[in-house]
Amino acid sequence: MAPTGRRRSLRQYTASGHDPQLRAAARHFGRRRFFTVTAAAAALAFTTNLPARGAAGSAELDAAKISTDPFTLGIASGDPMPGSVLLWTRLAPAPYEPDGGLPRQFVVVEWEVATDERFRETARSGIAIAYPEYNHTLHVDVDGLEPDRVYYYRFKTGTWISETGRTRTAPATTAAAAKLTYAAVACQAYTDGYYTVHRHLAQDDDVDMVFHLGDYLYEYAVNSVGGARNYTDRKLPDLFNREAMTLEDYRLRFALYKSDPDLRAVHAAHPFVVTWDDHETENNYAGAISENNDPPEAFLLRRAAAYRAHWENQPLRGAQRPNGPDMQLYRRLQWGRLAQFDVLDTRQYRSDQLHGDTKHVLVGAESDDPARTMTGAAQENWLIDGWRDSQALWNVMPQQVCFSQRKLDLNANAKMSMDAWDGYRASRRRILDGAKSAGVENLVVMTGDVHVGYAFDIKDDFDDPESKTLGTEIVATSVASGRDGAEKPPNWATYLKANPHLKFYNGRRGYVRVRLDRQTARADFRTVTAVTKPGAPITTAASFVTEAGDPGLKPA
């Protein structure tokens, strides 16, 4: 957790560092008008100042006048569907400046999708407008593509051409797809090390798409040497050496992260499906409740800024574009009839953590209060209804925090994490009962957050090792957060003994690769020995399989 500090006032949240539109809204409504979360949300809904479709309040910038490469933050693709994929880039000749080195004028950008790397066979092409209101980011939803096919894409503006990206479409929803290989990553604190993991993942040709399970960036300050990266060949600007609070702060933090060459490489190599956890906004926030118990109406100003910057800088469709402090990130993707992916958001709608968000023994009725929720009622119903309608062999639930029970000591009444699903047991029980009632036989939960790799059997009753196994949870370790880590952390033996359903635990950095076919799901835990220095090799620490129709992890 981040260090706790003084409770911040609305005046502090709308001080000179904040986006002018948010400051104007605060002046208009005044402190006395911000009595409720609803009032704050209503105000923020019209302060985002996004241009209408096809409209802009600024003049056009002649792209021929852009004298340095504007594609400094790379390109990306995301959320592949049978006939479409989302393409992303941002124009930023000077990425470490607040405006990216461009005036407040819109820029015309050409895009092209081809079936070959040399672009001899163009499949689709067009133009898009990079608006200053969106920080000159582009989200191009390319349709009319063939299902289940690899494509290549690029952007052009003025005399500049971006690098080439590789992406793909999903199979038709009715197709009996034979196999799929996806990777999962999480937690990439820039200050904790290099993105060696991403470099290896970019070179993993077996991967069809990548799930980023959250903590894509961290709000914490980044010093001039990049923390544990300990740069000697560059000095980062002072504007990164503060906690991100404002829209400008979050935009700049994305620019810093996306300027990393290994992160650029992995985005160019594979389509991503992104969700968030806490640090994209603030450590361990819960809904409208901040870590430091700031006034909700004030914290929502920060959340609106963070959500807007997140959408601007990720390969997300227009359906995910935020409205003030609200953004529907949960969504569903299909891979033919092989797999259905229900991507969750366990931050925006959750109840506050119990016991001050400390590691704690669960006691009393409050621990199992059915009113407490991790997902909110609407998302929970959407998930279970989607399972009932699913025609897929594998139902995969990418989400953020540890889903399986995880006792942290060997006491009869063990402490648990109040930020994970252990702190929301009634919510977890409803999800598992929903899976059973929907007839889900092959449930796979994908998790990030904890900076270690785990493999769990999901039990109907976690306190009874003989109870039925309902599915599998695969926890991806961090890309960099936690620095180098260790193969066996100090609590390794304790956790394995306290949790018989925990089949694997490794504390190194890395990613997990999952291969689904009609018979099995196989998870390969790929790890590196170090991230505080670049160039470490990658190895497979362990592999497990679970069979279709017979859940339960077995060493491969």
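Two strands are said to pair if DSSP finds at least two bridges between them. Helices (H or I, at least four residues) and strands (E, at least two) are DSSP runs, numbered from the N terminus. The structure is a predicted model, in which local features need pLDDT of at least 70 and side-chain atom pairs count only at pLDDT 80 or more, while totals for chains, interfaces and linings use all residues. Residues are numbered from 1 along each chain as its sequence is written, and side-chain values use heavy atoms, with hydrogens and water left out.

Strand E18 (residues 453–459) pairs with E21 in the antiparallel sense over four bridges, and Tyr 454 has Tyr 505 in E21 as its bridge partner. Strand E9 (residues 179–185) runs antiparallel to E21 and is joined to it by six bridges; here Ala 184 is partnered by Val 512 of E21. Val 512 also has a bridge partner in strand E22, namely Phe 525. E21 and E22 (residues 520–528) are antiparallel over eight bridges and form a hairpin with two residues between them.

Strand E3 (residues 107–114) is mostly covered, six of its eight residues being buried. Eight bridges link E3 to the antiparallel strand E4 (residues 122–130), where Ile 127 is the bridge partner of Glu 110. Five bridges link E3 to strand E6 (residues 150–157), again antiparallel, and Val 113 is partnered there by Tyr 153.

Among the helices, H5 (residues 247–258) and H7 (residues 296–312) pack at an angle of about 35 degrees, their axes 8 Å apart. Axes are lines fitted to C-alpha atoms, for helices over the stretch in contact, and angles run from 0 to 180 degrees between N-to-C directions. The contact (heavy atoms within 4.5 Å) includes Tyr 250 and Phe 254 of H5 and Ala 305 and Ala 309 of H7.

Confidence is expressed as pLDDT, the predictor's confidence in each residue, from 0 to 100. The protein averages 92, and 90% of the residues score at least 70. Over residues 23–49, however, pLDDT stays under 50. Where pLDDT is low, the predicted coordinates should not be read in detail.

Technical notes. Buried < 20%, exposed > 50% of the residue type's maximum accessible area, 1.4 Å probe, protein only.
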